[in-house]
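Student: Please take me through one part of this structure in close detail, and then show me what goes on around it. I'd like one connected account that I can follow with the model open beside me.

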Amino acid sequence: MSVKTESPTQQPPQTPDKRSLGQWLRDGVKAQAMQIVLVWLAIIIIFSALSPVAFFDTVNFLNIAVSVSILAVLGVGTTFIIITGGIDLSMGSVLVFSGVVASLVMERMGDGEGWGVAITGIVVALISGLAWGILNGFLIAKAKVPPMIVTLGTFGAALGLSQVLTGGIDRRAAPDVLVDTVGFGRVVGIPVLVIIATVVVAIGIVMLRRTKFGLHTEAIGSNAEACRRVGINVDRQLIKVYAFAGFLAGLAGLLNLTFFRSTTIAGHSLTNLDVIAGVVIGGTSLFGGIGTVFGTVIGLLIPATLRNGFVILGVAPYWQQVVVGAFLIAAVYFDQIRRAAATRGHSKPSLVSRMFPNNRKDR
Amino acid sequence: MNSTPIYEARGIVRSFGSVRALQGADFDVRPGEVSALIGDNGAGKSTLVRILAGADTPDEGEIRFEGAPLTLTNPTDARDRGIETVFQDLALANHLNPIQNMYLGREVMRPGILGRLGFMERAKMRAHGVEAFASLGATVRDFDGAVLGMSGGQRQAIAVARAAAWASKVIFLDEPTAALGVVQTKGVLDLVRRIKDTGVGVVLISHSMPAVLEVSDRIHVLRHGRRVAVYQAKDTNVEELVGAMTGALDGREDS
């Protein structure tokens, strides 16, 4: 019975700094962003089973991706804003305004279809968006007007100015070079719109997770007073966040112009609600402090996938609004539960136990 | 113990309208000692601490730091000199983890272009932060979780350890044990002793007489905006302190 056993002391020392893969996966699944990915995958699986040919198809998935691209660009900025504890209702109008101003400027430059005109249009659109963002940020941070009121005001003002500038008639001036490359261009089969949106989302994820800008955005949403006490310039950070979102709305305005070949003045009155719904479904808390850009993308993909699937299955697409409405309320409900659990110091209840409260162990 | 004050206030006067919060208050703290500041509500403790932390400016009086006169215009001025304050309401960012809270506003940036773009030395901050918590004996169980989910004692320990990690000269602790249970209070008081042992001057503001007597070296009693007495903690008791606070006894001033 003298079999030599491995002495436990010979095992390599634990490295507490590195979490194991299993732990990492468990944390990932617990995160709301991951749960929402599972929901999205379930929707895809259901539609694919019901319509294996028309729905489960690369071309169809690219269609869904294109339909989400412009909203995703807006969603990145809105995620940052909501993480600060703010809200943005103006992004749809800022999008329209940026498209209108860019279109008017390009029109004035003559019917040149070249890159010179196109680049001017791009710059004008980005600056227009940035200017509205800075105005939002300044009024919120310095004038201390609540974000909902400021952006409701600029929502109306930007749309009104767009109509003043155009007389309410949509402009169609978009150089062919832009339409061919950005609006309908493809690189190795992938629409350029999707590529641009993916790049913006990737930058947003890195900014939020890895940079001081992202950290301070979360910190302000979490406890602005604590930030002031440690010497962070909260007002300047807020202005930067709203300026960043405005800049992205300007970019979205340009993408919108090249894709629809129109300024779509009347087409974005509900864009703000679509984007905010996506951000919230994606797990970003309306109370500030936490959120993910990745979650927002999934939160925007769910309504788009539902709409697409319903059309293919021949279900009246209006049902999509009903289902998305239910999703939105459910997402906020889960956020409330999560916040209450976190405040109590308990671990987050699992998705199953949240859905079936009678199974909860703590009852 | 070094008996020369590192931080000293003389004849501080501060009025808010007709309310004279401080009427010529004196205070001093020496390196490596715990100086408790006690007084009834409205005695001027908070105002004095706010002034010494740079959050308020006195109408009259002199502040001396390391022997030289000092004028503070904002809390950053104080922090730059190694003077840290833990206010009563914690002031942690709830959704961030302990390391992020420790480095909040003092992030270590990467060198070169990456730092310019806003990228931080996350691994370095984490390693140094874990070390700083450990060296103060603050047991933080989870460095990756948000402080929101942690107990009151844990959060207070994190707030105190954060200030202690940056305080090279003086640290003010405003009611650090106010909302804590017995075990957690003991943990924070142990933390206070360890901070004192590093040679930092600790100022403890508290209503808890047993805690004050247990951990302090000297006890300053404030009444009606003036320091009315200074006691050696080992030579006094709760009755004497309460008497001085309420004016029932004649205070004696020794230092």
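Tutor: Happy to! Among contacts in chain A between residues at least 6 apart in sequence, 77% join residues at least 24 apart. Keep in mind that this is a predicted model. Chain A has 14 helices and 2 strands, and 45% of its 363 residues are buried.

Now find helix H6 of chain A, residues 147-166.

Next, which residues of H6(A) are buried? They are Pro147(A), Val150(A), Thr151(A), Thr154(A), Phe155(A), Ala158(A), Leu159(A) and Ser162(A). The spacing makes sense: an α-helix has 3.6 residues a turn, so residues three or four places apart point the same way. Turn to the other side of H6(A) and you will find Gly160(A) and Val164(A) exposed.

What covers the buried residues of H6(A)? The cover includes three helices of chain A: H4 (91-108), H5 (115-141) and H11 (271-281). Just after H6(A), Gly167(A) adopts a positive phi of about 70 degrees.

The largest nonpolar core has 169 residues, and Val73(A) and Leu248(A) have the most contacts inside it. Helix H10 of chain A, residues 234-260, gives the most to this core, with 16 residues. Leaving aside residues up to four places away in sequence, Val73(A) touches Leu248(A) itself, along with Ala197(A), Val200(A), Leu251(A), Ala252(A) and Leu255(A).

For a helix pair, look at H8 (residues 192-210) and H12 (residues 293-313) of chain A, which pack at an angle of about 145 degrees with their axes 8 Å apart. H8(A) brings Val201(A), Gly204(A), Ile205(A) and Leu208(A) to the contact, while H12(A) brings Val293(A), Phe294(A) and Val297(A). By class, this contact of H8(A) with H12(A) has 6 nonpolar, 1 polar and no charged residues.

Finally, there is a partner chain: the contact takes 21 residues from chain A and 22 from chain B. On the chain B side, helix H2 (residues 75-80) gives the most, with 3 residues. That side of chain B has 12 nonpolar, 8 polar and 2 charged residues.

Notes
Residues are numbered from 1 along each chain as its sequence is written. Chains are lettered from A and ligands numbered from 1 in the order in which they are written. This is a predicted model: local features need pLDDT of at least 70, side-chain atom pairs count only at pLDDT 80 or more; totals for chains, interfaces and linings use all residues. A nonpolar core is a set of buried Ala, Val, Leu, Ile, Met, Phe, Trp, Tyr and Cys residues joined through C-beta atoms within 7 Å. A residue is buried if 20 or more other C-beta atoms lie within 10 Å of its own, exposed if 12 or fewer, and partly exposed in between; C-beta atoms are placed from the backbone. Helices (H or I, at least four residues) and strands (E, at least two) are DSSP runs, numbered from the N terminus. Two residues are in contact if their C-beta atoms, placed from the backbone, lie within 7 Å. The expected span of a helix is 1.5 Å times one less than its number of residues. Ala, Val, Leu, Ile, Met, Phe, Trp, Tyr, Cys and Pro count as nonpolar, Asp, Glu, Lys and Arg as charged, and the others, Gly among them, as polar. Axes are lines fitted to C-alpha atoms, for helices over the stretch in contact, and angles run from 0 to 180 degrees between N-to-C directions.
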